[in-house]
Amino acid sequence: MLHELLLSLLGYTGDLIIDEREHQNSLGIPISDDHRSFKLAPDISFIQPSDRDLIERIISLGFYYRELDRFATKSRNLSWIRSANPNNELSNKNLQEKQSVYRRAIANGIVEILSVYRSAVLHIEQKLLSESIPILATITQGLNKFFVLLPPLYELVLEIERDDIRGGQLLNLLHKRCHCGVPELQSCIQRLLWHGHQVMYNQLASWMVYGILQDQHGDFFIRRQEDKDVEHGSSNPDMSEKLARLSTDDASLTDWHLGFHIFLDMLPDYIHMRVAESILFAGKAIRVLRNPSPAFQFKDTVYNQQIPKGAQKNQLSTGHFPFHKESFEDTNLIGEELLPQSEADKIENMLRDLKESSEFHKRSFECAVDSIRAIAASHLWQLVVVRADLNGHLKALKDYFLLAKGDFFQCFLEESRQMMRLPPRQSTAEADLMVPFQLAAIKTIGEEEKYFSRVSLRMPSFGSAVKSSLDLAKTGSTGASLSNAASEISLDGWDGIALEYSVDWPLQLFFTQDVLSQYLRVFQYLLRLKRTQMELEKSWASVMHQDHTDFAKRRNDRLNCSVSQQRRQRFRPMWRVREHMAFLIRNLQFYIQVDVIESQWNVLQAHIRDSHDFTELVGFHQEYLSALISQSFLDIGSVSRILDSIMKLCLQFCWSIENQENNPNTSELEHVTEEFNKKSNSLYTILRSSRLAGSQRAPFLRRFLLRLNFNLFFETTAQGVLNIVRPSPTLAVFSQQ
């Protein structure tokens, strides 16, 4: 009986001690799953009730041992690895039961506890056989601590199997169970949690040291994006298409933008989201540093062979960069040099220290992750900013997308001015524009300009309803048609002119498609503004040329002197309207180019000099673009629409004067003037409101308003137009004729 009792403590039943569930099933009596334990056989009558209760309490440990051992054996079963045959029934069955490395780790911890339990049972057996001592008291005393441990562990195993808990969810469950008032149980759960953290640290080491995601069973909180797409469908197909166009053969770019994500279901609650994002970034950065593009390897090899050491120091006034080394002998060394082995060893040592700690310390973990992220961000900054010459590309984008090379675009618009009078031909518009584009480049771009080759002109497809400015001028004789023309999205098809900028690896990590689309948005706005300014200047030049011609004729032909004076008197109101338009457009252009673009560019340059962190740099650049858009009012629909209408009216006015020079349509020009006054004064009223002028979103807006209203003209006119107190001064000039 003693040996059967001891065997039952190790999960083996017999005639004296039975499994109650098996006994009830043999009798055909249903029993709930929760009510399972070992019991003394009911036909044993020579045991006193008090001893029976004590024995059944003792042998319940055997039941818990058996169930825990079953869970450990099942979780540690690796037979599915050998069964690779799809026709193997055992293989299919094991594949249906999803494996988990975290469960296997917890099972290893349970095996440790069960081994201690078995040793205790063996010690009791030896003690009982060697001495004549009370059996039940000795067993109870020897296994007393396991009455506190095994039942909660059994409940833990039941919850894991019932709810199919795995991965980070399992760590989260164990972390919550650690908070209990029983020291023995707390240390036991902490040991299980330690085993689980060993798996997590191994995965972190693979991810943050080598950039490799080791997660066959979906237990880690970092996942590949395709796993999510399979389960939930692609969440951003547009971005996938953009990246496919961006680079079809460079998987590292796809990995960076869409390759990995944080799977919140597997993220333990005690790991903050910020820390998880740092882990995600560090792993992606290490992948980029360890897997450089082959084209970049070749270019970098040539670069290091041709350019003297330290020649790049003048690019940024940041002093000496420690990674400038001698030329590479083999392109295979480039990936190692982008992330020196000493830095990889430092990351690995940080994770090893965490792994060897007996307890999980949240602060130490977060500090280590922040340090690793800083190392990855610093080396990625060195790659993008210095090796890839980020500042040179930013300057090129400023030159061409923000029109800093004003001479080039002035020449381009002059060369294409006659062409833009006609509607663009859908089939050849882009090719037609390439001629003035190349002519402007020949005249203004020097041979030392190495970034111009990356800029290409594009003319997107457009509908058949677009018209040229000349067509609108001819058809806009009535006030209604002019009003409709002013409310259209674009005046003509040429407003769709776009630039594209070719970006090589690894700058696609910085210049994403969203970033380039923001640059394009500002470019199209600035190009429309410059085209409007040029047309107003050309209109003035044309009028002055005609006036000088008339003056020469008047001196030679005194008989037609009165005709010339009448002509000049008739055009004088137009000149005043043109001057009002040019005044507004010039000040708006100066405000955007100087107060907005140049000031924000200086801020960005200061950040580039002071920062050595890639993610900080990305944030600063995004702030730069956001400031350009917000301070140019492109994100305020009402202001943006008014500015578009003003530019359309200015172009409409210029084309009308040129096409009706001999016989101007007074009613049409009066309507253009009236619309311009309304729009310009509405613009001034909105911009001077406290919501804009008093906010920090446009710090230089007050300067712009001061230039516009330096003699109180705009303020007085705005009150007159909006309150309909009196007609505008310009309209009064027309009425005097």
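Reply: Let us begin with exposure: a residue is buried under 20% relative accessible area, exposed over 50% and partly exposed in between, using a 1.4 Å probe and protein chains only. This is a predicted model, in which local features need pLDDT of at least 70 and side-chain atom pairs count only at pLDDT 80 or more, while totals for chains, interfaces and linings use all residues. Residues are numbered from 1 along each chain as its sequence is written, and side-chain values use heavy atoms, with hydrogens and water left out.

Me: Is isoleucine 442 buried or exposed?

Reply: Isoleucine 442 has a relative accessible area of 67%, so it is exposed. Isoleucine 442 lies in helix H21 (residues 429-444), where a helix is a DSSP run of H or I with at least four residues, numbered from the N terminus.

Me: Where is glutamate 56, and which residues is it in contact with, leaving aside neighbours within four places in sequence?

Reply: Contact means heavy atoms within 4.5 Å. Glutamate 56 sits in helix H3 (residues 49-75), and, with those neighbours left aside, it is in contact with Lys39 and Leu40. Its relative accessible area is 18%, and therefore glutamate 56 is buried.

Me: How can I check the span of helix H18?

Reply: The expected span of a helix is 1.5 Å times one less than its number of residues. Helix H18 (residues 362-387) has 26 residues and should therefore span 38 Å, which agrees with the 36 Å between its end C-alpha atoms. After H18 comes aspartate 389, with a positive phi near 55°.

Terms used:
Helix = DSSP H or I, 4+ residues; strand = E, 2+ residues; numbered from the N terminus.
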